[in-house]
Amino acid sequence: MKVCTRDSELAMKQTEMFMEALGKKHPGVDVEIMPMKSSGDLDLSSPLDKLQGFGAFVKELDTALLSGKADVSVNSMKDMPVDVPEGLCIAAVLPRGPICDVSIPCALSDIPKGATVGTSSIRRSAEIREHRPDLILKNLRGNVRTRLSKLESGMYDAIILAHAGVYRLGIDMEMHMLPPDEFVPAPAQGAIAVVCRSDDTETIELLSSIDDLDTRRETDAERRLMKLLGAGCSSPVGINAHVTGDTMHINAVTYFDGICRRSVREIPVTDNEKGLSEMAEELVGSE
């Protein structure tokens with residue numbers, strides 16, 4: 001099995017997690033890793049919402065799958081467009097990691113007035129402006145360790161990152177969780193998706209053994225709501241779903257046109273289209 005992934009430290013770590021999960025279920029599977037650079041990795045100057053095309057961090061991986069150069073790709077699910085390219089499918093979603101964002105080196109409330117805060121996310125920027133309009137926001141690109149080094153060099157007074165990446169890399173430093181009910185995470189944040197060709201039934205069956213049902217249900221709902229909103233990976237949208245039994249709690253926020261709109265609902269885990277559609281109406285707002 002040829003597995004393609006981005007060549008960043010975090011992407012490689014997440015691929016190791018995939019291999020470990022697969023190895024526990026199928027010890028005899030031979031896996032070859034194919035590290036790749038995405039267009040999003042090569043362009044480190046543009047803000048994320050200005051990168052050319054959709055899926056700047058996954059389209060090269062998708063191309064490798066569709067061409068037959070690779071059999072499987074491992075992706076941070078929040079970087080994936082809501083519409084998977086024709087010919088591909090999400091064959092497995094690994095158990096979800098931490099969902100929230102973190103403020104480094106101090107709590108958001110403790111950042112001095114007028115300080116410079118780094119973030120690459122238009123959603124995070126909107127949420128910070130809502131709670132701390134006095135702060136100066138500055139674009140922050142690069143992998144996790146690059147961002148941390150920019151903080152240490154004094155380019156920023158604080159930075160905001162996804163906790164999942166810091167956690168998976170085993171980075172031990174002072175950081176402060178942003179409460180996910182207020183700072184709603186990106187759709188599918190903390191989830192790892194495993195993609196393959198939709199006609200590769202043998203690989204699909206193999207990967208189904210490591211598919212986490214609750215994580216898939218949560219991320220399916222988050223991505224479905226994102227699609228109903230007409231939003232993409234770089235939209236000012238936060239959505240988080242949590243499954244408990246037969247019920248799904250969904251917390252969502254949008255900042256379209258600079259207006260904050262929130263919606264919180266309890267909907268059925270299955271047959272939830274009506275609830276998601278009603279949330280989308282609330283989050284878009286009326287003219």
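In helix α8, the buried residues are Thr-215, Arg-216, Glu-218, Thr-219, Ala-221, Glu-222, Arg-223, Leu-225 and Met-226. This is a predicted model, so please take everything I say as computed from it. Those buried residues of α8 pack against strands β4, β11 and β12 and against helix α9. The helix covers residues 213-228, which makes 16 residues, and spans 22 Å from its first C-alpha to its last, close to the 22 Å expected at 1.5 Å a residue. After α8 comes Gly-230, with a positive phi near 70 degrees.

Next, the open sheet. What is the order of its 5 strands? Reading across, the order is β7-β6-β8-β5-β9, and the pairing is mixed. The edges are β7, residues 136-139, and β9, residues 176-177; each has a single partner strand, so one side of each has no neighbour in the sheet. Strand β6, residues 116-119, runs parallel to β7, and 4 bridges join the two. Within that pair, Val-117 sits opposite Leu-137 of β7.

Two helices pack on this sheet. Helix α4, residues 122-131, touches β5, β6, β7 and β8, and its direction makes about 125 degrees with that of β8. Helix α5, residues 144-152, touches β5 and β8, and its direction makes about 165 degrees with that of β8.

Staying with α5, which of its residues are buried? They are Val-144, Arg-147, Leu-148 and Leu-151. Viewed down the axis of α5, these fall within an arc of 100 degrees, so they line one face of the helix. Their packing partners are α1, β5, β8 and α6. At the start of α5, a side-chain oxygen of Asn-143 comes to within 3.2 Å of the backbone nitrogen of Arg-145. Just after the helix, Gly-154 has a positive phi of about 95 degrees.

Strand β2, residues 32-36, runs parallel to β1 and is joined to it by 5 bridges. Val-3 has Ile-33 as its bridge partner in β2.

Is Arg-261 buried or exposed? Its relative accessible area is 17%, and the cut-off for buried is under 20%, so Arg-261 counts as buried. Leaving out residues up to four places away in sequence, Arg-261 touches Ala-252, Val-253, Thr-254, Phe-256, Glu-282, Leu-283, Val-284 and Gly-285. With Val-284 there is also a polar contact: its backbone oxygen lies 3.2 Å from a polar atom of the Arg-261 side chain. As for distance across the model, the C-alpha atoms of Arg-261 and Lys-24 are separated by 44 Å, and the two residues are 237 apart along the chain.

Last, some backbone details in loops. The peptide bond from Ile-104 to Pro-105 is cis, with omega near 10 degrees. Pro-105 is in the loop between β5 and β6. Asp-257, in the loop between β12 and β13, has a positive phi of about 55 degrees although it is not a glycine. Asp-257 counts as exposed, at 76% relative accessibility. Asp-271 is in the loop between β13 and α9. This residue, not a glycine either, has a positive phi of about 55 degrees, and at 73% relative accessibility Asp-271 counts as exposed.

Definitions and conventions:
Residues numbered from 1 in each chain as written. Predicted model: local features only at pLDDT ≥ 70, side-chain atom pairs only at ≥ 80, totals over all residues. Heavy atoms only, no water. Pairing = 2+ DSSP bridges. Contact = heavy atoms within 4.5 Å. Axes fitted to C-alpha atoms, helices over the stretch in contact; angles between N-to-C directions. Buried < 20%, exposed > 50% of the residue type's maximum accessible area, 1.4 Å probe, protein only. Arc of directions from axis to C-beta. Polar contact = N/O pair within 3.5 Å; in protein donor to acceptor, adjacent residues only side chain to side chain. Expected span 1.5 Å × (residues − 1).
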